[in-house]
Amino acid sequence: MKIIAFTAGAAQMYCGSCIRDNALAAELKRRGHDVILQPIYTPTLTDEPNVSASNVLFGGISVYLEQHSALFHKTPPLIDQIWDSTWALRAASRRSIPVNPQLLGEMTVSMLRGDAGLQAKEFRKLARWLRSEPAADLMTLPNSLLIGLAPAVRKATGGPVCCTLQGEDLFLEQLAEPYRSESLRLIREAIAEVDGFVAISDYYAAFMREYLRIPAEKMHVVRLGINLDGYDAPPPRRTERFTVGYLARVAPEKGLHLLVESWLHLRRNLSFSAPAALEVAGYLAPEHHAYLAAVQQRMADMDFASEFRYRGVLNRRQKIEFLKSLDVFCLPATYDEPKGLSVLEAMAAGVPAVLPERGAFPDIVERTGGGILVNPDDAPATAEAILSLWRDRTGREELGRRAAQGVAAHYTIQHSAD
């Protein structure tokens with residue numbers, strides 16, 4: 001089967017959607033399918049061998065310039081090639097082009113309008129590129145924010161179009177009005193142009209059916225899967241220090257501040273005096289530097305600064321080593337997280353998870369048996385769950401074994417490819 005799979009680059013951030021798209025394309029290619037993983041906006045960054053194409057469509061620089069000046073609607077191809085080049089896009093990415101949804105409302109609406117928007121020139125480039133490729137059996141879009149591509153893709157190829165759903169509601173809900181309402185209207189109108197939608201969890205399939213008004217017969221579920229290479233089960237942890245870990249974007253919606261409040265409750269109200277540390281890793285966007293600083297200051301104000309460490313962004317080897325060093329993983333997201341990629345990675349490393357009972361987390365815990373669910377946004381309850389795992393080392397290690405076995409049984413990239 002020949003598949004053209006579009007994937008949206010996220011500049012210099014390890015993006016869960018990019019990692020998922022890349023891993024799935026790599027597994028399908030390994031099985032003998034002809035897969036073109038085609039980046040949009042910027043080159044993709046993954047922590048596994050990158051199988052995406054070298055060229056980028058809808059280059060972020062061109063899209064931005066065309067949004068802000070009519071001068072760039074008719075620039076010649078030679079000029080476009082300069083700022084659509086990989087080196088130019090990588091250079092621009094290093095300068096932290098803003099991806100804050102509150103600043104991108106106009107561009108989101110324009111892209112959803114397809115060739116009637118300000119990026120009409122990019123849609124013509126897309127059509128030319130598609131016509132130059134041998135006919136594909138299936139074309140897939142990476143999320144509903146790019147559903148504006150569906151009519152152009154269908155017109156150029158005549159083939160079926162699929163759209164993956166993997167967390168874009170958070171972006172949409174943060175758009176200022178009138179861009180949020182207009183974006184939702186345009187997405188809902190374009191649903192007829194898509195043959196099928198693939199959600200990355202059962203929770204998200206049910207949510208997006210209602211949110212975007214997708215007919216039931218068009219909705220399918222392909223659960224998130226990870227590549228287990230390097231995640232062989234570690235020996236039982238026997239260190240003196242009890243380590244709780246967090247791996248995600250450092251942002252309010254991921255709940256790092258709640259984890260810190262849980263830690264302080266654990267230390268100050270639950271008579272927990274054992275040697276312990278709170279280890280944090282993940283991408284930190286420029287707009288969230290103040291957020292991390294406030295979290296660190298909160299720990300310092302309570303005299304626990306020495307127990308908090310931010311590790312920064314980790315590559316794959318570092319990530320697996322980090323996860324294997326933990327006793328408990330906690331991601332107290334303040335919204336209904338549809339994916340939970342880092343949760344699966346922690347469980348694959350044999351680490352039990354403490355998670356809020358929301359989004360995709362209940363399904364992950366039920367299928368793997370490798371975690372504890374607590375009331376959402378409840379720091380004391382999260383602290384109690386962490387304390388219970390510290391007290392019961394045997395139970396903790398058993399949860400870790402179940403976690404690793406459960407991921408292997410239900411959440412591998414091979415399952416996604418199937």
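## Strand E8 and its partners

Glu279 of strand E8 is the bridge partner of Gly245. In this predicted model, that bridge belongs to a pairing of E8 with strand E7 (residues 242-247), which runs in the parallel sense over six bridges. E7 and E8 are also parts of a right-handed β-α-β unit, together with helix H11 (residues 256-269).

Strand E9 (residues 308-310) pairs with E8 as well, in the parallel sense and over three bridges. Here Glu279 stands opposite Arg309. Between E8 and E9 the chain passes through helix H12 (residues 289-301), and this β-α-β crossover is right-handed.

## Burial of E8

Why is strand E8 largely enclosed by the rest of the structure? Six of the six residues of E8 (residues 276-281) are buried, so the strand is largely enclosed.

In a regular strand, side chains alternate between the two faces of the sheet. In E8, Ala276, Leu278 and Val280 point one way, while Ala277, Glu279 and Ala281 point the other way. All of these residues are buried, Glu279 among them.

## Nonpolar cores

The largest nonpolar core has 115 residues. Phe6, Leu126, Leu149, Leu256 and Phe329 have the most contacts inside this core. With neighbours within four places in sequence left aside, Leu149 is in contact with Ile40, Phe58, Met111, Phe123, Leu126 and Leu141.

Key
Residues numbered from 1 in each chain as written. Predicted model: local features only at pLDDT ≥ 70, side-chain atom pairs only at ≥ 80, totals over all residues. Heavy atoms only, no water. Buried < 20%, exposed > 50% of the residue type's maximum accessible area, 1.4 Å probe, protein only. Helix = DSSP H or I, 4+ residues; strand = E, 2+ residues; numbered from the N terminus. Pairing = 2+ DSSP bridges. Right-handed = clockwise from strand over helix to strand, strands pointing away. Core = buried A, V, L, I, M, F, W, Y, C linked by side-chain atoms within 4.5 Å. Contact = heavy atoms within 4.5 Å.
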